[in-house]
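Here is a short briefing to read alongside your structure. Have the viewer open and follow along.

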Amino acid sequence: MSALTSADLIKMFRALSERIEAEKGFLCELDGHIGDADHGIAMAQGFGAVARALDALDPAAISPTDVFNTAAKSFLNAVGASSGPLYATAFMRAGAAFKGKDAIAADEAPAIIEAMARGIQDRGKAEPGDKTMIDAWQPAAVAAAAGREAGKPAAEVFAAARKAAEEGAAATAGMVASKGRSSRLGERSLGHVDPGAASAAIVVAVMAESLAG
Ligand SMILES: [Mg+2]
């Protein structure tokens, strides 16, 4: 895998938009168990807006930071739900992590996941175990950091982050919501995967597939 350019990141966001659109019904169904059944719609609107905004730009003329900042702005404008500011902050942090660079070195790419997770955690203030998207993002970031610091190949690090996010999302079925809208359900949220964690696992999976080549 060679260094990631702005064009590669735009391709990644296009893949995210397509996959989230395909999973829209599934995510709304999950949200229907513990929320208002709109999570898939919000996420599809957000990533759809990101893909359209990026399609209008010339990849050769913008930096990776510009790509993430454009993603942040368009996601925030398109999504009124709580996931709007959370993903906007995630993209801003990813952009800030690579400020001034024309491309992202392959072995540094998993740090995108780490920066996004930190942004979501700082903005949302949820802790692991609260049954939110953090239960997918946090383990993904831990796996990404561990692999990256151990000098493992990026493809391997992304695969580990993806697996951690998927396991983290699945584990939310056994949690009682204490943050966000579903917290009013208390024990009744047990047995259902958190939709925000489910979409987070999809996002990490698509990023892993796209960025690891
Ligand atoms: Mg909802």
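**Helix packing**

Helix α2 (residues 24-34) packs against helix α3 (residues 39-55) at an angle of about 140°, and their axes are 6 Å apart. This is a predicted model, in which local features need pLDDT of at least 70, side-chain atom pairs count only at pLDDT 80 or more, and totals for chains, interfaces and linings use all residues. Residues are numbered from 1 along each chain as its sequence is written, and side-chain values use heavy atoms, with hydrogens and water left out.

- The two helices α2 and α3 are therefore oblique to each other (angles under 35 degrees count as roughly parallel, over 145 as roughly antiparallel, 65 to 115 as roughly perpendicular and the rest as oblique).
- On the α2 side the contact (heavy atoms within 4.5 Å) is made by Lys24, Leu27, Cys28 and Asp31, and on the α3 side by His39, Gly40, Ile41 and Ala44.
- By type, the residues in this contact of α2 with α3 are four nonpolar, two polar and two charged.

**Magnesium site**

- Asp31 (OD), Asp36 (OD) and Asp38 (OD) coordinate the magnesium ion at 2.0 to 2.3 Å.
- Along the sequence, the donor residues of the magnesium ion follow the spacing D-x4-D-x1-D.
- Aspartate 31 is buried, at a relative accessible area of 8%, while aspartate 38 is partly exposed at 28% (buried means under 20% relative accessible area, exposed over 50%, partly exposed in between, with a 1.4 Å probe and protein chains only).

**Threonine 132**

- Threonine 132 lies in the loop between α6 (111-124) and α7 (134-149).
- Threonine 132 is buried, with a relative accessible area of 14%.
- Setting aside neighbours within four places in sequence, threonine 132 is in contact with Ala126, Thr172, Lys179, Asp194 and Ala197.

Methods:
Donors = N, O, S within 2.8 Å, 3.2 Å for Na, K, Ca; no water. Helix = DSSP H or I, 4+ residues; strand = E, 2+ residues; numbered from the N terminus. Axes fitted to C-alpha atoms, helices over the stretch in contact; angles between N-to-C directions. Nonpolar A, V, L, I, M, F, W, Y, C, P; charged D, E, K, R; others polar.
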